[in-house]
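Here's a quick briefing to read alongside the model. Keep the 3D view open and follow the topics one by one.

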Amino acid sequence: MSKSFKVAVLPGDGIGPEVMAEALQVLDAVEKKYAVRFERTFANVGGAGIDEEGKALPQTTVDICKGSDAILFGSVGGPKWESLPPDEQPERGALLPLRKIFGLYANLRPAIIFPALTGASSLKEEVIAGGFNVLVVRELTGGIYFSQPKGIEGQGRDRVGIDTMRYTVPEIERITHVAFQAARKRDKRVTSIDKANVLSSSILWREIVEGVAKEYPDVKLSHMYVDNAAMQLVRWPKQFDVILCENMFGDILSDEAAMLTGSLGMLPSASLAQGSFGMYEPSGGSAPDIAGQGIANPIAQILSASMMLRYSFAMVEAADAIDGAVEAVLNQGLRTGDIFQDRPGERRVNTKEMGEAIVAAL
Ligand SMILES: NC(=O)C1=CN([C@@H]2O[C@H](COP(=O)(O)OP(=O)(O)OC[C@H]3O[C@@H](n4cnc5c(N)ncnc54)[C@H](O)[C@@H]3O)[C@@H](O)[C@H]2O)C=CC1
Ligand SMILES: CC(C)CC(=O)C(=O)O
Ligand SMILES: [Mg+2]
């Protein structure tokens with residue numbers, strides 16, 4: 001009998017539905033190649049939730065996710081919904097609550113440079129020669145995006161905007177374990193990012209990370225302030241193996257790491273809870289500047305689906321096959337606009353053509 005997994009499909013806004021369509025074609029191909037079925041239930045989220053059901057995160061969507069083995073998420077947000085009260089907007093009203101409700105505290109963002117794309121990286125070729133492979137492990141349910149107090153208080157010019165950066169010992173411990181366990185399967189190096197020269201939450205972060213590190217004597221730990229890390233990432237990214245950071249630092253550094261690989265459209269992510277449940281989404285957003293044109297890069301969404309197979313469904317062979325198909329298509333010279341350099345052998349393609357080529361390679 002073939003295996004079956006329930007997947008909640010939340011395409012969202014902007015380029016979300018466009019790139020999701022291609023990831024779903026890839027899942028179709030995986031079903032044909034392997035004895036597996038992905039039972040997909042579509043649900044509204046973000047601006048689509050507001051437009052269709054009056055809420056960024058409708059209860060029906062939460063229930064569909066609760067009844068699933070994993071969530072495949074596109075992206076949310078855009079100018080259309082920016083004038084709504086902050087807590088009703090797609091990002092604060094849907095994405096952050098989803099992460100909290102499902103306890104998705106560990107966000108893995110692998111920034112890998114494909115050999116065919118060294119020319120598309122924002123770094124000089126000599127800096128990335130031989131490629132690099134960095135894993136950003138970002139804490140996803142704590143820190144300044146979630147802690148209270150938060151909000152805008154007062155009236156007129158007396159208003160104060162408040163955000164709080166707060167981390168508890170267990171929150172730091174569990175994400176540190178994720179980083180060290182990941183490092184054990186890689187080059188056994190963790191760089192913990194903080195701002196311990198200024199922030200109290202970072203002083204605690206550094207102390208707790210040091211304590212957890214003692215359980216992993218085979219992994220080398222170093223610390224780096226976030227401002228220096230932002231610089232070192234573009235200066236010499238190969239010095240990093242696993243980068244461990246709190247929520248906001250990881251948000252910023254992972255976008256930076258994405259650009260080293262060629263484009264934000266290349267960077268997938270897995271947001272994991274305890275156990276096998278996870279939400280899988282591109283690291284980038286809804287890209288309103290190119291939405292509706294059919295030109296977005298679907299690779300981040302397709303590689304996110306691959307991470308879903310790897311982390312939630314233990315389908316390592318199928319995940320490797322998807323990653324291999326992406327690499328093969330890049331080696332053939334196919335490029336969406338964001339990674340197109342007009343070099344010999346490159347062919348500019350749209351979202352659909354890129355998705356079809358990856359399916360064919362699979
Ligand atoms: N997980 C999510 O749903 C996220 C949502 N957002 C939201 O998305 C909206 C737009 O935010 P921005 O700051 O513009 O960030 P963005 O990540 O949407 O776009 C930044 C730049 O990267 C490009 N880009 C992103 N993904 C691409 C892809 N697959 N192919 C080709 N190019 C791609 C865009 O065209 C744009 O030039 C906002 O409402 C923001 O809050 C932002 C980040 C994450
Ligand atoms: C709403 C934001 C925190 C989304 C984002 O930028 C991200 O998760 O990378
Ligand atoms: Mg981000």
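The chain splits into domain 1 (1–106 + 267–362) and domain 2 (121–261), with bounds that come from an automatic or database domain assignment. This is a predicted model, where local features need pLDDT of at least 70 and side-chain atom pairs count only at pLDDT 80 or more, while totals for chains, interfaces and linings use all residues. Residues are numbered from 1 along each chain as its sequence is written, and chains are lettered from A and ligands numbered from 1 in the order in which they are written.

**How the domains meet**
- The C-alpha centres of domain 1 and domain 2 sit 24 Å apart.
- Across the boundary, 10 residues of domain 1 are in contact with 13 residues of domain 2; contact here means C-beta atoms, placed from the backbone, within 7 Å.
- On the domain 1 side, helix H4 (residues 90–101) gives the most, with three residues. Helices (H or I, at least four residues) and strands (E, at least two) are DSSP runs, numbered from the N terminus.
- That side of domain 1 has five nonpolar, three polar and two charged residues. Ala, Val, Leu, Ile, Met, Phe, Trp, Tyr, Cys and Pro count as nonpolar, Asp, Glu, Lys and Arg as charged, and the others, Gly among them, as polar.

**The sheet**
- An open sheet is built from 10 strands in the order S2-S1-S3-S12-S11-S4-S5-S10-S8-S9, with mixed pairing; two strands pair if DSSP finds at least two bridges between them.
- Strand S2 (36–42) and strand S9 (220–225) are at the edges with a single partner strand each, so one side of each has no neighbour in the sheet.
- On average, neighbouring strands are turned by 25 degrees against each other, direction ignored. Axes are lines fitted to C-alpha atoms, for helices over the stretch in contact, and angles run from 0 to 180 degrees between N-to-C directions.
- Strand S8 (residues 189–194) pairs with S9 in the parallel sense over six bridges, and Asp-194 has Tyr-225 in S9 as its bridge partner.
- Helix H10 (residues 299–311) packs on the sheet, where it touches strand S3 (70–75), strand S11 (270–272) and strand S12 (278–280). The direction of H10 makes about 160 degrees with that of S12.

**Two helices side by side**
- Helix H8 (residues 226–235) and helix H9 (residues 247–261) have axes that come within 10 Å and cross at roughly 10 degrees.
- H8 brings Val-226, Ala-229, Ala-230 and Leu-233 to the contact, and H9 brings Phe-249, Leu-253, Glu-256, Ala-257 and Leu-260.
- By class, this contact has eight nonpolar residues, no polar and one charged.

**Around the ligands**
- Ligand 1 has 23 residues around it, and Gly-77, Gly-265, Gly-284, Gly-285 and Asn-297 come nearest; a residue is near a molecule or strand if its C-beta atom, placed from the backbone, lies within 6 Å of it.
- Ligand 2 is surrounded by Glu-91, Leu-95, Tyr-145, Asp-251 and Ser-283.

- Gln-148 and Pro-149 are joined by a cis peptide bond, with omega about 0 degrees.
- Pro-149 is in the loop between strand S5 (133–139) and strand S6 (151–153).

Methods. Contact = placed C-beta atoms within 7 Å.
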